[in-house]
Amino acid sequence: MGRRGLVFLGVVLAMVAAACGTTDGGSDDDRPTIVATTSIWADVVTNIVGDDANVETVIPIGADPHDFAPSSQQVAAIQTADLVVANGLGLEEGLEDVLDAARSDGVTVLELAPLMNPIPFALGDDHGDEDEHSDDEEHSDDEGHDHDGDDPHVWMDPDRVAIAAVEIAEALALLDASIDWMERAEAYAAELRAAGAEAEELLSVVAADDRKLVTNHEALGYFADRFEFEVVGLSLIHISEPTRHICLSRMPSSA
């Protein structure tokens, strides 16, 4: 085959590839795109939608949602999403303007925390001896974050997350009524409630008088509310291990 023949063949193949892209590649494009502000809610959404929707996360694991600033690509993803699932109650401070703009442009933004029977912060503005240590750099986790109003850390209670699953299903039904999202959400909610019951059984070894929590960031109010613990104060020591958010002030004796 001569040079002209090769060029012609290349053009034909390119046209075939383009045609295939417009016909065979439409299946994924037809799925709704759900943008979740945090990986926590992305995981909940994924457990409901499976492969029937594209799920994207804005704030990566390990990033502080209070201070996170989105990239231009992430802003565009929010603005073009079929549904945005957010926490709300001030958790995503750096995204509030972006979410408000998307909402104004007609994007459905579902803020879950206000719908999940929110409770006030366990400690509020009174953090005990915190003022005496205002110069301690190790307390920077809480600097600039108001601890008044309702607590946004709703995912610490599996029963409340079960409520969120139903709310997500109702929003999904408005996007695509051909799928029984509610059936999936209710099945997932049952798993969440079972997990809560299992955690309650595991924690039953802790006597009622010993159920006291000290945390280095006030994020366990819903855990305390669900499992009948009392948040007694903020730790003065920064702990970097995975167990940094919780310590039991007294544990039952092994005797």
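The talk below goes through some terms and checks each against its definition.

Visitor: What should I know before asking?
Guide: The model is predicted; local features need pLDDT of at least 70, side-chain atom pairs count only at pLDDT 80 or more, and totals for chains, interfaces and linings use all residues. Residues are numbered from 1 along each chain as its sequence is written, and side-chain values use heavy atoms, with hydrogens and water left out.

Visitor: How many helices and strands does the protein have?
Guide: There are eight helices and seven strands. Helices (H or I, at least four residues) and strands (E, at least two) are DSSP runs, numbered from the N terminus.

Visitor: How do you know that the span of helix α6 agrees with its number of residues?
Guide: The expected span is 1.5 Å times one less than the number of residues. For the 18 residues of α6 (residues 158-175) that gives 26 Å, and the end C-alpha atoms are 26 Å apart, so the two agree.

Visitor: What is found at the start of α6?
Guide: A side-chain oxygen of D157 comes to within 2.9 Å of the backbone nitrogen of D159. A polar contact is a pair of N or O atoms within 3.5 Å; within protein, one must be able to donate a hydrogen and the other to accept it, and residues adjacent in sequence count only if both atoms are side-chain atoms.

Visitor: Why is E228 called exposed?
Guide: Buried means under 20% relative accessible area, exposed over 50%, and partly exposed in between (1.4 Å probe, protein chains only). E228 has 64% relative accessibility, so E228 counts as exposed. E228 lies in the loop between α8 and β6 (230-234).

Visitor: Is L89 buried, partly exposed or exposed, and why?
Guide: L89 has a relative accessible area of 29%, and therefore L89 is partly exposed. Its place is in the loop between β3 and α5 (96-104).

Visitor: And what about Q73?
Guide: Q73, in helix α4 (residues 72-79), is exposed because its relative accessible area is 66%.

Visitor: What makes the phi of L89 worth a remark?
Guide: Most residues other than glycine have a negative phi. The phi of L89 is near 55°, a positive value, and L89 is not a glycine. E228 is not a glycine either, and has a positive phi of about 60°.

Visitor: How do you know that the buried residues of α3 line one face of the helix?
Guide: These residues are W41, A42, V44, V45, I48 and V49. Seen down the axis of α3, they fall within an arc of 160°, so they line one face. The arc is that of the directions from the helix axis to the C-beta atoms.

Visitor: What do the buried residues of α3 pack against?
Guide: Their partners are β1, β2 (54-59), β3, α6 and α7. Contact here means heavy atoms within 4.5 Å.

Visitor: What joins β5 to β6?
Guide: Four bridges join them, and the two strands run parallel. Two strands pair if DSSP finds at least two bridges between them, so four are enough.

Visitor: What is the hand of the crossover from β5 to β6?
Guide: The chain goes from β5 through α8 to β6, and this β-α-β crossover is right-handed. The word applies if, with the strands pointing away from the viewer, the path from the first strand over the helix to the second runs clockwise.
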